[in-house]
Amino acid sequence: MKNPKRLLLLFLKIVLLMTLLWWFFYRENNTLELSVDEVHLQELPATLDGLRIIHLSDLHSKWFGPDQHNLVAMIEKQKPHAVVITGDEVDVRSKDEQPVLTLIRRISPIAPVLHVAGNHETQLPDREGYLERVRQAGAQVLESDSVIVPLKGGEVVFVGLADRGQRLVRQEALEVEAKKAFAGVKPGSFVVLLAHRPELFPHYALLPVNLIFSGHAHGGQIRLPWIGGLYAPGQGLFPRFDSGVYRNKAAGNDAAGPAPEPGPMSGPIMIISRGLGNSVFPQRLFNRPDVRLVILKKE
């Protein structure tokens, strides 16, 4: 007969290991991480120097504390001038709108909220009704159109590209949406584009924009040391665009990798959120939910 003490010790070790694993997986999915990107732009108007923008994406109907308390507290602490939300805030499987509507109601008194839908919202049976409820909650909804927002003594033109839910977006379809979205944008404006899918950056970079916010990639879901994200929709394994700041080498050229920091940048810049929630795959690894603070600097 085996020693009962040894069996008890083995059992306790297994329980401890399982508890530690549970804590680790829970933390990876639920502990918010603040990412700070300081972006230096030569074309930034002097009045917008120091502009602080919070970027949120891919909430997927997730709660962060009662009434989104943890998420709201982190946003409020950063004192943003604006908040941009770049799609997939509702997960099409649950169709639960309350997490994002609660979030918008609570943060809209802090700063203007700009919202663009993602592919999940496009698949909702009541898509137009959802967008109207987002407006009523306090956000400006951009559906292939633009809005001028006074910020910090200056003006920013926010443009949003509507996502029509296709698995793959063809250039022709993107051009149709872009033509509508930029119809009212005056030359010389400082333009911020909200577009859900980062894999289209080479096409976005041909548009008259200064800064692009995107999501959709979930940071690659699982992030590997020295490699980056493992998989992203629309890009497959080891996605090129998964998290952080990217710049275009020059207008019309292919998009480069992560932008060099610090120092001035010219040409379109794209900033990708790693997202907040999960979709089909339920677990993040080395990729905690991302609240992104972008600070713009004049060079």
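A cavity here is a set of points, on a 1 Å grid over the protein atoms alone, where a 1.4 Å probe fits but cannot get out. Grid points are joined across faces, edges and corners, and a volume is the space filled by probe spheres set on the points. By this rule there is 1 cavity of 30 Å³ or more. It is lined by 15 residues, and those closest to its centre are A162, D163, V169, L174 and L200; lining residues have an atom within 4 Å of a point. Helix α6, residues 171–181, gives the most to this lining, with 3 residues. Helices (H or I, at least four residues) and strands (E, at least two) are DSSP runs, numbered from the N terminus.

Some ground rules. Residues are numbered from 1 along each chain as its sequence is written. Because the model is predicted, local features need pLDDT of at least 70 and side-chain atom pairs count only at pLDDT 80 or more, while totals for chains, interfaces and linings use all residues; side-chain values use heavy atoms, with hydrogens and water left out.

How confident is the predictor? pLDDT is its confidence in each residue, from 0 to 100. The chain averages 92, and 93% of the residues score at least 70. Over residues 250–255 the pLDDT is below 50, and this stretch has 12 contacts beyond near neighbours in sequence; contact means heavy atoms within 4.5 Å. Residues 260–265 also stay under 50, with 18 contacts beyond four places in sequence.

Next, the pocket. A pocket is an open set of points with protein on both sides within 12 Å along at least five of seven lines. The largest pocket holds about 690 Å³ of space. Of its 28 lining residues, H216, Y231, P233, S279 and V280 are the closest to its centre. Both α4 (119–122) and β12 (231–232) supply at least two residues of that lining.

Now the rings. Rings of Phe, Tyr and Trp (its six-membered ring) pair if their centres lie within 6.5 Å; planes under 30 degrees apart count as stacked, over 60 as edge-to-face and the rest as tilted. The whole structure has 5 aromatic pairs. In one of them, F201 and F241, the centres are 5.9 Å apart and the planes at 85 degrees, so the pair is edge-to-face. F201 lies in helix α7 (201–204) and F241 in the loop between β13 (236–237) and β14 (244–248), so the pair ties together parts 40 residues apart in sequence. Both residues are buried, where buried means under 20% relative accessible area, exposed over 50%, and partly exposed in between (1.4 Å probe, protein chains only).

F24, F25 and F286 form one aromatic cluster. F286 sits in the loop between β17 (269–272) and β18 (290–298). It is exposed, at 56% relative accessible area, and has a positive phi of about 55 degrees although it is not a glycine.

D67 likewise has a positive phi of about 55 degrees without being a glycine. Its place is the loop between β2 (52–56) and α2 (69–77), and it is partly exposed at 48%.

Last, helix α5, residues 127–137. Which of its residues are buried? They are R127, G129, Y130, L131, V134 and A137. These pack against α3 (98–107), β4 (113–115), α4 and β5 (139–141). After α5 comes G138, with a positive phi near 125 degrees.

How values were computed
pLDDT is the predictor's confidence in each residue, from 0 to 100.
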